[in-house]
Amino acid sequence: MNESHFDPKSLKRTLKIDAISVGIPSGAADDFINATIKSVEKSLSSKTQITNGDLERAVAKELQKYNADFAYVYKNRDKIV
Amino acid sequence: MFTSLGILILIMFILAFLQFIPSIFLLFSHYAHGQLSRKKASKLGYIFILGTYLGTTIIFLLTFAILVWSKLFSRISPTILSWIFSGVFFATSLSIFLLYYRKGKNTRLFVSRKLVQKYHVNASHTKTPSDAFLLGFFSIIPELIFTIPLFACATTELTILQTNPFIITLYILLITLSAIVPLLAIQIAYSRHSNLATIQRFRVKNKSFVKCFLSLIYLLIASIIITFRIIS
């Protein structure tokens, strides 16, 4: 089980690149990302140990509410090659 | 003449359908469009494609030069050479069908994960023309296991087909163009405001077709060699 150190800054940076690349305007991307990170922090706050899988699922679930392509890219970026 | 042309055309199809370089290019385009302006990302994309084209051409020319100048092929009987090629292509056909893609709803290839991670990191940090060129150039390395036997076979067919070095070079330049066709398709898709999600969904949907098609083409080349170079 891979334990994750949740780093909001690093996640924000990665998500911003994904958002711009799928065509979401910068302002909207910031709003989506901040809302996502807030929701993820809230949903994972009850857990004592957070795995990479937990984090990915929580983030993808939140992103899906805003843009399907954005969520797809986040989930599948490591499955291209 | 038609047998040689047929084999060369089939080799071009294989080069166009191999998936490692298009995967790296897709990742690179995704990061470039996410970090740079659309114009700059597009420009870097073309430079990447140029790097890939030059790299593939250099490998083909080197393979041709080494095989022709060393007179390696003239020391081996044509029948044995044909059996070697057909054996290699039969084995490659089977390997591609069974092992080319990893399991799952993705387009992960049977390549070392550490190597893939290195290319992924490089693709995400490529922001200058020289980096884009080098990434394109060195992306050909993991596919050498497929391309070198193809280029060796193409060398024998070219030497049967043509003796003029200038025309042989033109054929080589034309054949290696097929390696950049999928990259140009991705570049055009991005210029039409497509993104990694839409392109990747298309690739996942057609993954089985690509695997079967590649496998079949290799089998076809092997069959043609046996039929027209050995039996006849």
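Tutor: A salt bridge is defined here as a side-chain nitrogen of Lys or Arg within 4 Å of a carboxyl oxygen of Asp or Glu. By this rule, a search of the whole structure finds seven salt bridges over all chains. The structure is a predicted model, in which local features need pLDDT of at least 70 and side-chain atom pairs count only at pLDDT 80 or more, whereas totals for chains, interfaces and linings use all residues. Residues are numbered from 1 along each chain as its sequence is written, chains are lettered from A and ligands numbered from 1 in the order in which they are written, and side-chain values use heavy atoms, with hydrogens and water left out.

Student: What makes B:Arg201 and A:Asp69 a salt bridge?

Tutor: The closest N and O atoms of B:Arg201 and A:Asp69 are 2.9 Å apart, and the rule asks for a distance within 4 Å, so the pair qualifies. Across the interface of chain A and chain B, the rule finds one salt bridge.

Student: Why is A:Asp69 called buried, and why is B:Arg201 called partly exposed?

Tutor: Buried means under 20% relative accessible area, exposed over 50%, and partly exposed in between (1.4 Å probe, protein chains only). A:Asp69 has a relative accessible area of 18%, and therefore counts as buried. B:Arg201 is at 33%, so the term for B:Arg201 is partly exposed.

Student: Which salt bridge ties together parts of chain B that are 72 residues apart in sequence?

Tutor: B:Arg229 forms a salt bridge with B:Glu157, their closest N and O atoms being 2.5 Å apart. B:Arg229 lies in helix H12 of chain B and B:Glu157 in helix H8 of chain B, so the pair links parts 72 residues apart in sequence. B:Glu157 is buried, at 3% relative accessible area, while B:Arg229, at 25%, is partly exposed.

Student: How do you know that A:Glu62 and A:Lys65 are separated by about one helical turn?

Tutor: They are three residues apart in helix H3 (residues 52-66) of chain A, which means a separation of about one helical turn. Helices are DSSP runs (H or I, at least four residues), numbered from the N terminus. The closest N and O atoms of A:Glu62 and A:Lys65 are 3.0 Å apart, and the two form a salt bridge. A:Glu62 is buried at 10% relative accessibility, whereas A:Lys65 is exposed at 57%.

Student: What is said to be in contact, and how many residues of chain A and chain B are involved?

Tutor: Contact means heavy atoms within 4.5 Å. On that basis, 14 residues of chain A are in contact with 26 residues of chain B. The area buried between the two chains is about 1800 Å², of which carbon and sulfur atoms give 61%; buried area is the accessible area (1.4 Å probe) that two parts lose on being put together, summed over both. In chain A, the residues losing the most area to chain B are A:Tyr72, A:Ile80 and A:Val81, together 41% of what that side buries.

Student: How do you know that the buried residues of H5(B) lie on the same side?

Tutor: The buried residues include B:Leu81, B:Phe85, B:Phe89 and B:Ile96.

Definitions and conventions: Helix = DSSP H or I, 4+ residues; strand = E, 2+ residues; numbered from the N terminus.
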